[in-house]
Amino acid sequence: MTLALFDLDNTLLGGDSDHAWGEFLVSRGHVDAEAYRLANDGFYADYRAGTLDIRAFCEFVFAVLARNELATLKQWRDEFMAECITPLLLPKAFDLLAKHRDMGHTLVIITATNHFVTELIAERLGVEHLIATTPEQTPDGRFTGKLAGTPCFQAGKITRLQEWMAERGESLDGAWFYSDSRNDLPLLEVVAHPVAVDADEVLTRIAQERGWPCISLRA
């Protein structure tokens, strides 16, 4: 079946769930507010500039997961979904997903944001398949603070997608990929139908030069 691949943050969502998670932790006093916000904002600026050290960022984010019990983290995540993610949901994103679903495509969210933060978002969007950066967990579910496998970021998205396709017998034949970010150029360049969505300046310029469609799910 044809794959319809979607970036999550600032593509299907009207904001960045990774950065918002950090802001939520700060607002609730779950982390040292000043230091955490400074680091969170710095990593987000690096991401937008295309210079993010993804492994350093994972170490930063996963440390909070490792310090807390899974039940506590899930309670925080439920509150985060209700307060921070619901306002970022875009009606046009649901319409776009429905369009591809009606065409018989296999819908996949592929995101650099970690699986713990994004799995409920994918469920809320009605997308069964999620490929995300994976924090390591012990057999009883506790987070170790370490990264499991390849980060789902930049060229790592291709690696993770190839692994997923090999497991399922899927291919990129005729595939679509929607993204807002220059960081997704590696994957955009290998699909049949790359689409820029509310794109950053660099991706907008490249998409226009190459004749890729440029759309908005916010307007």
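A: Buried means under 20% relative accessible area, exposed means over 50%, and partly exposed lies in between (1.4 Å probe, protein chains only). This is a predicted model: local features need pLDDT of at least 70, side-chain atom pairs count only at pLDDT 80 or more, and totals for chains, interfaces and linings use all residues. Residues are numbered from 1 along each chain as its sequence is written, and side-chain values use heavy atoms, without hydrogens and water.

Q: Why is Phe43 called buried?
A: Its relative accessibility is 18%, so Phe43 counts as buried. Phe60, with a relative accessible area of 17%, is buried too.

Q: What makes Phe43 and Phe60 a tilted aromatic pair?
A: Rings of Phe, Tyr and Trp (its six-membered ring) pair if their centres lie within 6.5 Å; planes under 30 degrees apart are stacked, over 60 edge-to-face, the rest tilted. Phe43 and Phe60 are 5.2 Å apart centre to centre, with 40 degrees between the planes, hence tilted.

Q: What does the pair of Phe43 and Phe60 tie together?
A: Phe43 lies in helix 3 (residues 33–49) and Phe60 in helix 4 (residues 54–67), so the pair ties together parts 17 residues apart in sequence. Helices here are DSSP runs of H or I, at least four residues, numbered from the N terminus.

Q: Why are Trp176 and Tyr178 called stacked?
A: Their planes are 10 degrees apart and their centres 6.2 Å apart, so the pair of Trp176 and Tyr178 counts as stacked. Tyr178 is buried, at 3% relative accessibility.

Q: How do you know that Arg77 lies over the face of Phe116?
A: A charge sits over a ring if NZ of Lys or CZ of Arg is within 6 Å of the ring centre and within 35 degrees of the ring normal. Arg77 is at 4.3 Å from the ring centre of Phe116 and lies over its face.

Key
Helix = DSSP H or I, 4+ residues; strand = E, 2+ residues; numbered from the N terminus.
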